[in-house]
Amino acid sequence: MWSDLQADPLACAGAGEPAEPAPTLPDGYPGGRALCPTCWAFVTPVNGVLAPHDSWRGDETREEADRRRDWFNSFGW
């Protein structure tokens with residue numbers, strides 16, 4: 001068992017990395033967001049870099065999880 005003191009910081013260290021929008025599924029997912037190579041979150045790029053974001057901690061909805069799974073099955077990682 002570990003405590004919050006030993007946890008990774010909430011803010012992802014991938015912010016500021018160069019980024020381009022990820023390829024899209026036929027329905028447009030992930031909607032212009034880029035894949036963060038550090039935490040695997042889809043993040044909106046700003047001026048060609050990943051915007052500050054929290055590390056990905058899981059999908060908020062079942063629908064998002066399904067779409068994310070379809071994207072990774074289509075494009076890999």
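**Briefing: helix, cores and pocket of a predicted model**

E64 lies in helix α1, which covers residues 62-75, where helices (H or I, at least four residues) and strands (E, at least two) are DSSP runs numbered from the N terminus. This is a predicted model, in which local features need pLDDT of at least 70 and side-chain atom pairs count only at pLDDT 80 or more, while totals for chains, interfaces and linings use all residues. Residues are numbered from 1 along each chain as its sequence is written, and side-chain values use heavy atoms, with hydrogens and water left out.

**Overall fold**

**Nonpolar cores**
- The largest nonpolar core has nine residues, C12, A19, A34, C36, C39, A41, V43, L50 and A51, a nonpolar core being a set of buried Ala, Val, Leu, Ile, Met, Phe, Trp, Tyr and Cys residues joined through side-chain atoms within 4.5 Å.
- A second, separate core of six residues includes A22, Y29, W71 and F72.
- C36 is found in the loop between β1 (34-35) and β2 (42-43), and C36 counts as buried because its relative accessible area is 0%.
- Not counting residues up to four places away in sequence, C36 touches C12, G14, A41, V43, L50 and H53, where contact means heavy atoms within 4.5 Å.

**Surroundings of E64**
- The side chain of E64 makes a polar contact of 2.7 Å with the side chain of Y29, a polar contact being a pair of N or O atoms within 3.5 Å, of which, within protein, one must be able to donate a hydrogen and the other to accept it, and residues adjacent in sequence count only if both atoms are side-chain atoms.
- Leaving aside residues up to four places away in sequence, E64 touches Y29, R33 and D59.

**Largest pocket**
- The lining of the largest pocket includes R33, A41, D59, E64 and R68; on a 1 Å grid over the protein atoms alone, a pocket is an open set of points where a 1.4 Å probe fits, with protein on both sides within 12 Å along at least five of seven lines, and lining residues have an atom within 4 Å of a point.
- A41, leaving aside its neighbours within four places in sequence, is in contact with A34, L35, C36, H53, W56 and R68.

How values were computed
Buried < 20%, exposed > 50% of the residue type's maximum accessible area, 1.4 Å probe, protein only.
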